[in-house]
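Please look over the sequence and the structure shown below. The text after them goes from the whole chain to single residues.

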Amino acid sequence: YSCVFCPTTEDESLQHLFIQCPFSIACWATIGLVVGDDAPFNTLELLKQQLVVPFFMEIIVLMSWSIWMQRNDLIFKVIQPSSDSCLQHFKKEFVLVILRAKSRHKENMSLWLDTLV
């Protein structure tokens with residue numbers, strides 16, 4: 001399959017969709033993160049170093065989920081993707097994660113989310 005975000009016929013691999021695709025790069029940038037053209041595990045380490053928070057994995061998973069949902073909305077609902085709508089989806093989901101978080105992380109998670117506004 002080809003990447004639905006790219007005008008070329010770039011293969012939709014996991015690495016391309018979540019790390020190398022220009023649309024995904026723009027989505028990561030909305031939360032202040034820069035992804036490289038590295039292998040997936042190197043990219044995870046790079047994101048962890050940029051975030052410097054104990055809940056870094058929640059952020060990574062949720063942004064990946066938000067990118068995936070933008071992809072699915074385009075394919076199944078013909079809703080045009082945007083990095084702004086990806087960010088809005090991310091924020092909405094992150095609020096729900098905060099509700100389920102351990103009490104010692106809730107305040108820091110809320111403060112981190114507030115910095116995105």
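This is a predicted model: local features need pLDDT of at least 70, side-chain atom pairs count only at pLDDT 80 or more; totals for chains, interfaces and linings use all residues.

Residues are numbered from 1 along each chain as its sequence is written, and side-chain values use heavy atoms, with hydrogens and water left out.

The protein chain has six helices and zero strands. Helices (H or I, at least four residues) and strands (E, at least two) are DSSP runs, numbered from the N terminus. Along the sequence the pattern reads α-α-α-α-α-α. The radius of gyration of the protein chain is 14 Å, close to the 13 Å that the globule rule gives for 117 residues, so the chain is as compact as a globular protein of that length. That radius is taken over C-alpha atoms, and the globule rule is 2.2 Å times the number of residues to the power 0.38. Taken along the principal axes, the C-alpha atoms fill a box of roughly 45 × 30 × 20 Å.

Of the 117 residues, 41% count as buried. Here buried means under 20% relative accessible area, exposed means over 50%, and partly exposed lies in between (1.4 Å probe, protein chains only). The accessible surface of the protein chain comes to about 7,000 Å², and 60% of it belongs to carbon and sulfur atoms. Accessible areas come from the Shrake-Rupley method with a 1.4 Å probe; for residues, only the protein chains shown count as cover. Among contacts between residues at least 6 apart in sequence, 46% join residues at least 24 apart. A contact means heavy atoms within 4.5 Å.

The charges can be summed up by their mean positions. Those of the 9 positive and 12 negative charges of the protein chain are 12 Å apart. Lys and Arg count as positive and Asp and Glu as negative, while His and the chain ends are not counted. The place of a charge is NZ of Lys, CZ of Arg, CG of Asp or CD of Glu.

Now turn to helix 4. At 1.5 Å a residue, its 22 residues should span 32 Å, and its end C-alpha atoms are 31 Å apart, which agrees. The expected span of a helix is 1.5 Å times one less than its number of residues. Q70 has its place in helix 4. Is Q70 buried or exposed? Q70 counts as buried, because its relative accessibility is 7%. Leaving aside neighbours within four places in sequence, Q70 is in contact with F5, F23, P81, S82, S85 and C86. Of these, C86 is 16 residues from Q70 in sequence and 6.5 Å from Q70 in space, C-alpha to C-alpha. F76 is also found in helix 4, but F76 counts as exposed, at 65% relative accessibility. F76 and H105 are 29 residues apart in sequence and 36 Å apart in space, C-alpha to C-alpha.

The loop between helix 4 and helix 5 holds V78 and I79. Most residues other than glycine have a negative phi. V78 is exposed, with a relative accessible area of 62%. I79 is partly exposed, with a relative accessible area of 43%. Apart from neighbours within four places in sequence, I79 is in contact with D73 and L74. A positive phi, near 50°, is also found at V52, in the loop between helix 3 (40-51) and helix 4. V52 is exposed, at 66% relative accessible area.

Helix 5 (residues 83-100) comes next. Its 18 residues should span 26 Å at 1.5 Å a residue, and its end C-alpha atoms are 26 Å apart, which agrees. In helix 5, C86, L87, H89, F90, K91, F94, V97 and I98 are buried. What do the buried residues of helix 5 pack against? They pack against helix 2 (22-30), helix 4 (56-77) and helix 6 (103-116).

In helix 6 lies L116, which counts as buried at 15% relative accessibility. Leaving aside neighbours within four places in sequence, L116 is in contact with T30, I31, F90 and K91. L116 and L14 are 102 residues apart in sequence and 26 Å apart in space, C-alpha to C-alpha.
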